[in-house]
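Student: Please take me through the labels used for this structure. I would like to see each label set against its cut-off.

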Amino acid sequence: MGEKVVAGRFDLSDRQRYRDKLRQCLTGLERLLAEQRFDRPKNLMGLEIELNLAGADGMPKMLNGQVLERIASRDFQTELAMFNLEVNIPPHRLGGRVFDRLAEELRTSLAYADRKAGEVDAGIVMIGILPTLDRDDLVSSNLSDVDRYTLLNDQIVAARGEEFTLDINGVEHLSCTSKSIAPEAACTSVQLHLQVTPARFADVWNAAQAVAAAQIAVGANSPFLFGRELWRESRPPLFQQSTDTRPPELQAQGVRPRTWFGERWVTSAYDLFEENLRYYPALLPICDDEDPLKVLDQGGTPSLAELVLHNGTIYRWNRPVYGIADGVPHLRVENRVLPAGPTVIDVIANAAFFYGVVRALAEESRPVWTRLPFEAAAANFDAACKDGIDARFTWPRRGRYSGTTQVDAVSLIRDELLPLAEAGLDAWGVEPADRDLYLGVIEERCRRRVNGASWQAATFHKALDAGLSRDAALAATTRRYRELMHRGAPVHSWPVGLPEPVSLG
């Protein structure tokens, strides 16, 4: 949805015309795959981070237009609501000291953005869900002033035909309704891109699905929403419910949500694009003038604009991406599992773990997805979202024996996945110093059983125990988080609690 979208109302013929065009695009993709037209391996990775704007009091600031005007960089863009920004880091080749370079670029970019935000009394907070967000902050009037967001909101609301219900039962229970998709804006994430060849796509996507639960377990950073303590990673249920075009009757029929984990392992990228057409009606039936099959017949590279737009309105946690660079098509796996933050070193550690373990799992002689039922991978994902670093997973037994067993997340990551990640980073050609530094952060989180979510919850409860009201405790936790985030030490080393006495709220 990063492309500029401008359109008015859609008439009855638009959807049929768009559906026909989508089928042409899918045929075009099939031909591109059959003709082996895709880019050769370049070991390219990319990184996007969604950010929050908050004041010195920890409360959200609806100022992204003013802040972006001051930043004046193409690397920073709007996101769904006026308290959101997104920073995009240009693609890097995996290898050498890539993670140190990424960390330095991110520190520089975020420090600059924070200085510019300070000119309007705001600051950058890199966190999965800003704990101080209130229901009144997440309304349609606070959506960013960008055509595509207004149009997307209108179409999802029209498709649903009634208010959205948010119902998340975690440590506490949240139940409320919304007239718009604005609550989705509470979810700020890290998106990791990996360019792959068509022959490798299925293995990489399946590996990413299998390891998604482990990513959440060590990386959870979103325990609060609207003053309630919910799941350790509350973004997935919030995102699904706030974009759910299905009224209860369609949910009861088993119609698939637009935000979902999936339901099967795949054999090619085509599987996922074809599913998107088969299961999901168009939200934005905007047609391009290009005839993709004619472009192919003439030896050109079609943009497949309708396919790309449709794909952008289906929120898989690991999403297939079709793109063109220098006139050559390529495929990417976009990993959308992780919340933003807590610090730059934590973000890069999460990235190193992902790129390492996915490479190793994708190249195993007996791949994990041949030994793990997909339903178990999906259940692992839910368990990680609910329980974070204390989750328990179903996982294939090691050794010659078949079947699965129950294992706690920390043991699985420390004993099995971290050694795989180390081997995977070696295969990418990453320098041992980079490898050991960033995987060491993941190892320490496991050893101490600490991630961003557990730190937030523990600090919040300490503030409550000190006599603060809930709202004051959430604000104080947010202010302390922001302070430690900018200091930059990894979250497992953060002291729990508030640094000085604060006035009772």
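**Labels and their cut-offs**

Tutor: Arg359 lies over the face of Trp428, at 4.5 Å from the ring centre. The model is a predicted one: local features need pLDDT of at least 70, side-chain atom pairs count only at pLDDT 80 or more, and totals for chains, interfaces and linings use all residues. Residues are numbered from 1 along each chain as its sequence is written, and side-chain values use heavy atoms, with hydrogens and water left out.

Student: What makes a charge count as sitting over a ring?

Tutor: NZ of Lys or CZ of Arg must be within 6 Å of the ring centre and within 35 degrees of the ring normal. Arg359 lies over the face of Trp428 at 4.5 Å, and the charged end of Arg256 sits over the ring of Tyr279, 3.6 Å from its centre.

Student: Why is the contact of Arg470 with Glu172 called a salt bridge?

Tutor: The term requires a side-chain nitrogen of Lys or Arg within 4 Å of a carboxyl oxygen of Asp or Glu. For Arg470 and Glu172 the N to O distance is 2.8 Å, so the pair qualifies. Arg470 lies in helix H16 (residues 470–487) and Glu172 in the loop between strand E5 (164–169) and strand E6 (173–178), so the bridge ties together parts 298 residues apart in sequence. Helices (H or I, at least four residues) and strands (E, at least two) are DSSP runs, numbered from the N terminus.

Student: How many salt bridges are there in the whole structure?

Tutor: The search finds 36. One of them joins Arg398 and Glu416, with the closest N and O atoms 3.9 Å apart.

Student: Are Arg398 and Glu416 buried or exposed?

Tutor: Buried means under 20% relative accessible area, exposed over 50%, and partly exposed in between (1.4 Å probe, protein chains only). Arg398, at 56%, is therefore exposed, while Glu416, at 18%, is buried. For the bridge between Arg256 and Glu263 (3.0 Å, N to O), Arg256 is partly exposed at 26% and Glu263 is partly exposed at 33%.

Student: Why is the pair of Tyr481 and Trp494 called edge-to-face?

Tutor: Rings of Phe, Tyr and Trp (its six-membered ring) pair if their centres lie within 6.5 Å; planes under 30 degrees apart count as stacked, over 60 as edge-to-face and the rest as tilted. By this rule there are 16 aromatic pairs. The rings of Tyr481 and Trp494 have centres 5.3 Å apart and planes at 80°, so the pair is edge-to-face. Tyr481 lies in helix H16 and Trp494 in the segment after H16. Tyr481 is buried at 1%, and Trp494 is buried at 6%.

Student: How do you know that the length of helix H15 agrees with its number of residues?

Tutor: The expected span is 1.5 Å times one less than the number of residues. For the 14 residues of H15 (residues 452–465) the span should be 20 Å, and the end C-alpha atoms are 20 Å apart, which agrees.

Student: What covers the buried residues of H15?

Tutor: The cover includes strand E8 (224–225), strand E9 (228–229) and H16, where contact means heavy atoms within 4.5 Å. Among the buried residues of H15 are Trp455, Gln456 and Phe460. Just after H15, Gly467 takes a positive phi of about 105°.
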